[in-house]
Amino acid sequence: MTTTSPPPPPAKAVSDKDLEAVQNLRSARGAIKSELSKVIVGQQDVIDELLISIFTRSHALLVGVPGLAKTLLISTLAQTLALSFKRIQFTPDLMPTDITGTEMIYQDPATNERKFKFLPGPIFANIILADEINRTPPKTQAAMLEAMQERRVTVGGVDHRLPDPFFVLATQNPVEQEGTYPLPEAQLDRFMFMVLVDYPSASEERQIMKMGTGISSAKPTAVLTGEDIISLQQTVRRMPVADHVYAYAEKLVRVTRPKTPEALEFVKKWITWGAGPRASLNLIMAAKARAILNGQVHVSCDDVAAVAVPIFRHRLIPNFAAQSEGVTSTDITNKILAAIPKDTKLS
């Protein structure tokens with residue numbers, strides 16, 4: 001039996017300023033999608049998940065076979081946000097200093113004094129496209145991990161802050177392909193979403209062929225600045241959340257842990273490791289951003305449920321039994337959503 005979310009809490013907490021910000025963010029979403037449509041065909045859910053990541057100050061990992069315009073989507077999105085953009089192509093021979101930068105010996109022409117000077121790497125930009133991130137060895141992936149989590153890099157014992165806002169939007173090829181290194185679970189957990197980029201529909205593919213083989217003059221223009229994004233991120237943080245929504249998100253996460261009393265029976269059967277506390281945080285933050293992008297001034301359990309699949313996709317680790325039956329983390333998440341009522345009460 002399907003249950004509906006309880007009514008939203010009284011409009012206690014949204015100020016006139018925040019109401020205006022909600023409307024601005026909803027308008028910005030429409031404007032960004034309009035600009036992206038000049039270059040990108042379809043992928044509406046993918047675009048929404050990327051926008052949620054950006055407005056929650058998070059990172060996202062796009063997974064799909066080559067040729068689905070993952071790189072083009074991210075570079076075009078950067079153009080609509082008037083942010084500095086760098087693309088890093090990950091290869092098996094890429095070294096950490098190729099990303100972070102390095103210290104070089106510099107000779108002052110006036111004094112002839114020699115000293116070390118830091119030369120920033122491509123990581124020093126607002127939006128980083130980490131292209132085919134799983135084609136590089138773990139040592140270089142670890143350098144990305146520090147940058148993503150700490151928002152700084154350390155070179156020669158000196159910390160260098162990364163610009164704000166800062167987002168890593170990475171692409172990953174399926175691990176079954178040649179020359180890929182599975183990302184460590186600790187690094188995967190730093191991504192709010194694992195976004196699945198699927199094949200286009202027949203009508204979308206026809207439109208892609210027409211756009212890609214003709215003369216295109218339309219170019220996306222900037223909709224938001226870095227200052228706008230930082231301000232809208234604060235709006236997302238201020239969005240109130242009712243206790244029953246916290247309870248629902250908490251329940252969704254806790255039932256994924258197979259060795260706890262709350263675990264569901266099929267979770268115990270199919271999962272090796274469940275979601276950690278970062279999943280709980282991301283469920284609430286992503287639900288807030290989704291609500292605002294839809295023009296809502298409250299967060300519902302439906303918002304939490306809508307973002308659960310891309311948040312759990314890389315955090316639920318299926319065991320051998322699940323793999324042998326062809327059960328994926330997405331299948332398990334959908335079963336969890338069907339099993340947990342949205343009128344969950346606080347314990």
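**Strand S5 and its surroundings**

Author: Let's start in the sheet: four bridges join S5 to strand S8 (residues 167–172), and these two run parallel. Ile128 stands opposite Val168 in S8. This is a predicted model, where local features need pLDDT of at least 70 and side-chain atom pairs pLDDT 80 or more, while totals for chains, interfaces and linings use all residues. Residues are numbered from 1 along each chain as its sequence is written, and side-chain values use heavy atoms, leaving out hydrogens and water.

Reader: What makes S2 and S5 a pair?

Author: Pairing takes at least two DSSP bridges between two strands. Strand S2 (residues 85–89) and S5 have five, so they qualify, and they run parallel. Ile88 stands opposite Ala130 in S5.

Reader: Why is strand S5 called largely enclosed?

Author: Five of the five residues in S5 (residues 127–131) are buried, so the rest of the structure largely encloses this strand. Buried means under 20% relative accessible area, with a 1.4 Å probe and protein chains only. Both faces are covered: Ile127, Leu129 and Asp131 are buried on one side, Ile128 and Ala130 on the other. Across the chain, buried residues make up 48% of the 347 residues.

Methods
Buried means under 20% relative accessible area, exposed over 50%, partly exposed in between (1.4 Å probe, protein chains only).
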